[in-house]
Amino acid sequence: MGKRSVIPFGPQHPVLPEPIHLDLVVEDERVIEAIPSIGFIHRGLEGLVKKKDFNTMTYIVERTCGICSFQHGMGYCETLEHIMDVEVPDRAKLLRTIWAELNRMHSHLLWLGLLADGFGYENLFYQCWRIREKVLDLHELTAGARLIFSVNKVGGVLRDIDEDKQKIILNTISEVEKELLVIEKTFFNDYTVQSRLKGVGILTKEKAHELGCVGPFARASGLNVDLRKLNYAGYGMIDLEPITSNDCDSYARCYVRLKEIYQSIDIIRQAISKLPADKTISVPVKGNPNGEFITRLEQPRGEAFYYVKANGTPYLDRMRVRTPTFANVLGLCEMLKNTELADVGLLVLTIDPCISCTER
Amino acid sequence: MGKVSKSPWLLHYDGSSCNGCDIEVLACLTPVYDAERLGVMNTGDPMQADILVITGGINSQNQATVKQLYDQMADPKVVVAIGVCACTGGVFKECYNILGGVDTTIPVDVYVPGCAARPQAIIDGIIKGVEIYNERAAKLESKGGNQ
């Protein structure tokens, strides 16, 4: 047995845009154990419910995370709509679905880019982010901002997507699909990429289930979990089949996420074709919420849940978000055992960590 | 906009931002905005960096890390605060764990507002940072260089 030593990883690390700290116990070059410590970005966002009224909180909840900001806003609004017994018009539901899927596309493309950067393929990183800019242009076209676009409100959405914009969306996602087909070959067939990803960081199906992993990370370990099947927002009107893989390694995670971009493109097409002629996009909401409720939804990174407890005043008692990365960190620590030190950066990336969400 | 005569190397640190500004900083370096045509390079090593780009406000846990990163950088150095959270604390100003903007801990030279700050604004802020950097470098040289 070699001598054990502890190597700190992060909080500032070239491979990660966000601070996470791991204490890696290593024996020679092999990781024996990883001990995470988080809390570098804790802001105390949930505490703001005492100071801001429930409508203003919509915009603050969207700032939980800049990458999946729309879905955070949507989860919070849906929770309040359940408490206040508001039925959102079908058009608003489908518009939410479209924006949520655009969000997922840009998030997955971002991740693919970071993964490519993680194993040192800078050209591929640039290609992914170049395609991603097209999706961000769609955000800007339909909602007026690139990342945090605040189109949700309790009772519906604030903007409509008219027919001209629908056409532009359909054209752009077809372009994205075409360009993805070119990039896909590199991710799936390239010898060097495969040697970095195949068989690295294995998390078995049983372990993934036991540790409560969620999202594409769990689906890559063969668990068929996709909360979009719960039919929140407009997903009830849409056909989709969760994408899973039984390989359980980093390559499978890459495969699942890449295929999910095609799935999102398909969902956007379905949603646009099903938009009703009725142009109502929101219903008026009167009074203050009273009661409590939990909503679950599928973010790009997995299951997120929103808990709201209201007391009949404009200020809520409690608001709680449980984010997917928090569930996946346990899986990460399990997966890091018995891997090479050189792979750690890449493996941390494969759970698609979003530390800002996790620490709020 | 002045002439860029020095290739600035960036060190990016996420204070307590929501990720929005972080990925916009990264988007600056990728094809559509391509700040690399101005010589900007992202480095992970504070000792080689000229410009510290910070997103997000300061909280009690990351205060020491930010200070340490700033101290590790060689003179002359410039700090650019990206996004409204890094400037003043932004929407999180009233949160119990936020001490305020980056200037509560280290001196800030350029403030780039926005939520999330747009890549155009970030590139503009970095170019302003380079001007300040050049002035400082000239001043340091007239004094006899870096000790």
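## A pair within helix H4 of chain B

B:Lys128 and B:Asp124 sit 4 residues apart in helix H4 (residues 119–142) of chain B, so about one helical turn separates them. The two form a salt bridge, with their closest N and O atoms 3.5 Å apart. This is a predicted model.

B:Lys128 has 43% relative accessibility and counts as partly exposed. B:Asp124 is partly exposed too, with a relative accessible area of 38%.

## A network in chain A

Some salt bridges share partners. They join A:Glu101, A:Arg104, A:Arg219, A:Asp226, A:Arg228, A:Glu260 and A:Glu298 into one network. Over all chains, the count comes to 31 salt bridges.

## Pairs that link separate parts of chain A

A:Lys134 forms a salt bridge with A:Glu179. Their closest N and O atoms are 2.8 Å apart. A:Lys134 belongs to helix H4 (residues 122–143) and A:Glu179 to helix H5 (residues 163–189), so this pair ties together parts of chain A that are 45 residues apart in sequence.

A second pair lies in a loop. The side chains of A:Lys229 and A:Glu241 meet in a salt bridge, at 3.9 Å from N to O. Both residues lie in the loop between helix H8 (215–219) and helix H9 (250–273) of chain A, so the pair ties together parts that are 12 residues apart in sequence. How accessible is A:Lys229? A:Lys229 is partly exposed, at 44% relative accessibility.

Which element gives the most to the lining? S6(A) does, with 4 residues. By residue class, the lining of the second largest pocket divides into 7 nonpolar, 3 polar and 7 charged residues.

Definitions and conventions:
Residues are numbered from 1 along each chain as its sequence is written. Chains are lettered from A and ligands numbered from 1 in the order in which they are written. This is a predicted model: local features need pLDDT of at least 70, side-chain atom pairs count only at pLDDT 80 or more; totals for chains, interfaces and linings use all residues. Side-chain values use heavy atoms; hydrogens and water are left out. Helices (H or I, at least four residues) and strands (E, at least two) are DSSP runs, numbered from the N terminus. Ala, Val, Leu, Ile, Met, Phe, Trp, Tyr, Cys and Pro count as nonpolar, Asp, Glu, Lys and Arg as charged, and the others, Gly among them, as polar. A salt bridge is a side-chain nitrogen of Lys or Arg within 4 Å of a carboxyl oxygen of Asp or Glu. Buried means under 20% relative accessible area, exposed over 50%, partly exposed in between (1.4 Å probe, protein chains only).
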